[in-house]
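Morning, everyone. I have one model to walk through today. Please have a look at it first.

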Amino acid sequence: MENAKTNDPIWRPLRAKSFRQLFIGQLLSDLANWLDFIALSALIVYAWNHGSMAVAALSICVGLPYVIVGPLMSVRLSYISGKSLLIGCDLLRFVFVLAMAWAPSLPILLLLVLLKHSMSAVFDPVRQSAVKRIVDRHLLAQASSLSQMSVNLTKVLGPMIGGAITAWLGATVPFIISAILYALSALMLSFIPSWRGQKEQAAKPSSGLRVAWEHVMRRPLLRAVILYAASLFFLIFLYDGLFVLLAKESGMAENLFGLLIGAVGAGSVAGALLAGQWSGWKQRPLTHMTKAGIVTGFLVIAVGISGMGIFQAELALWLPLCAALGFCSAQSAVPFGYVLQIETTDETVGPVFALANAFQTSSMLIAPVIGAMMAAWWSVGSVFLGVGVATTGVAAICLFYSEMKVNKQRLEEKAF
């Protein structure tokens, strides 16, 4: 019976009305997250002519809430209805993003970005808790794939639509549309069932993160996956904010930069679909993640070599290269979300997810600055080259460790 269940199609969780409503709400929210991506980059780099340090400051404002606000609030707000939290976060993001349309300067814009992502840092762990309560355990891999596909699909549509709107109607319109999407997401989420955290957690909010940490330490697979993802995110954030500068230095217009981001998203959607439909990786998720990381490293090396001018890449090469990067990222992201779901309980999934987010995005507080300094000292392309080499090395070490543990476990089973 279990084998039959593992072959369920990726769309199976959508048959449940509650998950379908949650998924649509997430889809609208994710689209709003990405729709203003090009507008922010265009405003800071193209319109206001700021450099790498301003881009680094933007990355810090995006990441800081996930390090501080997410872990703390996921515990301290557990006494509030999860449904109310999701709706409240959407409505506050509606206000903050709408205000971005008329931000007069970089500091005010960065403050609004900080406030917006503070709400996102609360929204994401609560959404994970909702998934775990709504979806049957044997469908969590498919639900994780659908959730990741929502993020990746909007990476395709959001930047492309936002870039086109920015080019045709100006940089303020994407912010207005994003605000409307947040409002629609809040409306859709108002139909999902309501739930609350445990009273014991509400009575002792300060103990929630300690409990989450202790839970992670007792789960070797969960601990390994979180640490590997955190190290990979640090390397990603060294160059992530520099993509717009690489595009500008290569002579690409704003709309072409949007195409590159869209290509990454298209590859991610394909990767999430494959990971959801073919679930062979469920037996060894960390091994699958590290193999994808090795390939990612080689792709980033290729980007760096091109950025350094060693060979001149045309758009016809950039697009499949970016799509391959997105595909590999999904091969890590889907197993990561799946492990967080199966290795936690209903009470710990929110705090553990927030703790994992904090590990990942804490790198955003320093990695973008380091990347910007490296780009200033050497070149943007050299940053990509160095990060690609490091990514391949880290993934290879983790793969060796994972395989060694698997082989040791097999030997112990044979001994018995």
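**Salt bridges, a helix pair and a surface patch**

Counting side-chain nitrogens of Lys or Arg within 4 Å of a carboxyl oxygen of Asp or Glu, we get three salt bridges. Keep in mind that this is a predicted model.

Take aspartate 36 and lysine 116. Their side chains form a salt bridge, 3.1 Å from N to O. Where do the two partners sit? Aspartate 36 is in the loop between H2 and helix H3 (37–47), and lysine 116 is in helix H7, so the pair ties together parts 80 residues apart in sequence. Buried or exposed? Aspartate 36 is buried, and lysine 116 is too.

Next, arginine 93 and aspartate 90. This salt bridge has an N to O distance of 2.7 Å. Arginine 93 and aspartate 90 are both buried.

Then arginine 219 and glutamate 343. In this salt bridge the closest N and O atoms are 3.9 Å apart. What about accessibility? Arginine 219 has a relative accessible area of 32%, so it is partly exposed. Glutamate 343 is at 14%, under the 20% limit, and therefore counts as buried.

Now the helix packing. Helix H2 (residues 17–35) packs with helix H7 (residues 106–134). The angle is about 160°, and the axes are 11 Å apart. Angles over 145 degrees count as roughly antiparallel, so that is the label for H2 and H7. The crossing of H2 past H7 is left-handed.

Stay on H2 for a moment. Arginine 20 lies in this helix. Its relative accessibility is 35%, so arginine 20 counts as partly exposed. Which residue does its C-alpha approach to 9.1 Å? That is isoleucine 192, 172 residues apart from arginine 20 along the chain.

Last stop, the surface. Met53, Met373, Trp377 and Trp378 form a nonpolar patch there. Together they have about 500 Å² of accessible area. One of them, tryptophan 377, is in helix H18 (residues 367–377). Its relative accessible area is 57%, so tryptophan 377 is exposed.

How values were computed:
Residues numbered from 1 in each chain as written. Predicted model: local features only at pLDDT ≥ 70, side-chain atom pairs only at ≥ 80, totals over all residues. Heavy atoms only, no water. Patch = residues over 30% accessible without salt bridge, like charges linked within 9 Å, V, L, I, M, F, W, Y side chains within 5 Å. Areas by Shrake-Rupley, 256 points an atom, 1.4 Å probe, with all protein chains shown as cover. Helix = DSSP H or I, 4+ residues; strand = E, 2+ residues; numbered from the N terminus. Buried < 20%, exposed > 50% of the residue type's maximum accessible area, 1.4 Å probe, protein only. Axes fitted to C-alpha atoms, helices over the stretch in contact; angles between N-to-C directions. Parallel < 35°, antiparallel > 145°, perpendicular 65-115°, else oblique. Left-handed = near helix turned anticlockwise from the far one by under 90°.
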